[in-house]
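Below are a few friendly notes to read alongside the coordinates.

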Amino acid sequence: MAYPTRIRYGLRLLARLAIQAQSGYVSIADIASEEGVSVKYLEQIVGLLRPLGILTSVRGARGGYALVSSPAEVTLEAVFESLGGLDAPTPCVETPSGCNRAPVCAARSFWSEFDAHMRSYLRSKTLADLIAVGAADLHFAIPGLAAPKAAERSDLNYLLTPAVAPRKRKIL
């Protein structure tokens, strides 16, 4: 099962914002360049995420986006729903009356259970969980992020500590 690029790129965008939270606002152009995604596509994704209320933005040369919510408060289920990727695996799961075979279909109960497990899993996972999974390798991919010492790898707080002092940003 392949999920749409807007989900994959949306998760990468949110992971960047979560990891670089201490650096202040991050420009879409910087994220697009670092992630190899077009600015226009990331702007569309931000537009879909905006109703969640988890992002804030500042315009201008030193503007960008930042998370308003703690990464531990942002469920992956909410992100998937916002980005349009939490559809039922088959139409009969959402609308059993739409299929005349629903009452006698042996596979329908499997798909219903699969859908329930998937939703439960996404509901149990947060953005903090997402960034914790690949924590040891993230310092290679993010400019300015300090590489962890071996003893710190179990403590994910190093992800929120930039290697260089963050720029002061004036909010107008």
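**Notes on the model**

1. To start with the overall cover: of the 172 residues in the chain, 37% are buried, where buried means under 20% relative accessible area, exposed means over 50%, and partly exposed lies in between (1.4 Å probe, protein chains only). The accessible surface of the chain is about 10200 Å², and carbon and sulfur atoms account for 55% of that; these areas come from the Shrake-Rupley method with a 1.4 Å probe, with only the protein chains shown counting as cover for residues.

2. A word on the ground rules. This is a predicted model, so local features need pLDDT of at least 70 and side-chain atom pairs count only at pLDDT 80 or more, while totals for chains, interfaces and linings use all residues. Residues are numbered from 1 along each chain as its sequence is written, and side-chain values use heavy atoms, with hydrogens and water left out.

3. How confident is the predictor? The mean pLDDT of the chain is 79, with 77% of its residues at 70 or more; pLDDT is the predictor's confidence in each residue, on a scale from 0 to 100. Confidence is highest in helix H3 (residues 39-49), at a mean of 95, and lowest in helix H8 (residues 138-141), at 50. Over residues 146-172 the pLDDT is below 50, and beyond near neighbours in sequence this stretch has 44 contacts in the model (a contact means heavy atoms within 4.5 Å). Please keep in mind that where pLDDT is low, the predicted coordinates should not be read in detail.

4. On secondary structure, the chain has eight helices and two strands, in the order α-α-α-β-β-α-α-α-α-α along the sequence. Helices (H or I, at least four residues) and strands (E, at least two) are DSSP runs, numbered from the N terminus. Among contacts between residues at least 6 apart in sequence, 63% join residues at least 24 apart.

5. Helix H1 deserves a look. H1 has 15 residues and spans 21 Å from its first C-alpha to its last, close to the 21 Å expected at 1.5 Å a residue; the expected span is 1.5 Å times one less than the number of residues. Its buried residues include Ile7, Gly10, Leu11, Leu13, Leu14 and Arg16.

6. Which residues are linked in a network of salt bridges? They are Arg12, Arg16, Glu34 and Glu35. A salt bridge here is a side-chain nitrogen of Lys or Arg within 4 Å of a carboxyl oxygen of Asp or Glu, and a search of the whole structure finds five. Glu35 bridges to Arg12, with the closest N and O atoms 2.7 Å apart. Since Glu35 lies in helix H2 (residues 28-35) and Arg12 in helix H1, that pair ties together parts 23 residues apart in sequence. Glu35 also forms a salt bridge with Arg16, the closest N and O atoms being 2.6 Å apart, and here the two residues are 19 apart, again with Glu35 in helix H2 and Arg16 in helix H1. As for cover, Glu35 is buried at 18% relative accessible area and Arg16 is buried at 5%, whereas Arg12 is partly exposed at 31%.

7. Another salt bridge joins Arg123 and Glu77, whose closest N and O atoms are 3.2 Å apart. Arg123 is in helix H6 and Glu77 in helix H4 (residues 76-82), so the pair ties together parts 46 residues apart in sequence. Glu77 is buried, at 12% relative accessible area, while Arg123 is partly exposed, at 45%.

8. Now the aromatic rings. Rings of Phe, Tyr and Trp (its six-membered ring) pair if their centres lie within 6.5 Å; planes under 30 degrees apart count as stacked, over 60 as edge-to-face and the rest as tilted. By this rule the count is five aromatic pairs. Tyr9 and Tyr41 are edge-to-face, because their ring centres are 5.7 Å apart and their planes at 85 degrees. This pair links distant parts of the chain, with Tyr9 in helix H1 (residues 5-19) and Tyr41 in helix H3, 32 residues apart. Tyr41 is partly exposed, at 21% relative accessibility.

9. Finally, helix H6 (residues 106-124) holds Phe110 and Phe114, four residues apart and so separated by about one helical turn. Their ring centres are 6.1 Å apart and their planes at 25 degrees, so the pair is stacked. Phe110 is partly exposed, at 45% relative accessible area, and Phe114 is partly exposed too, at 31%. Ring pairs link Phe110, Trp111 and Phe114 into a cluster.
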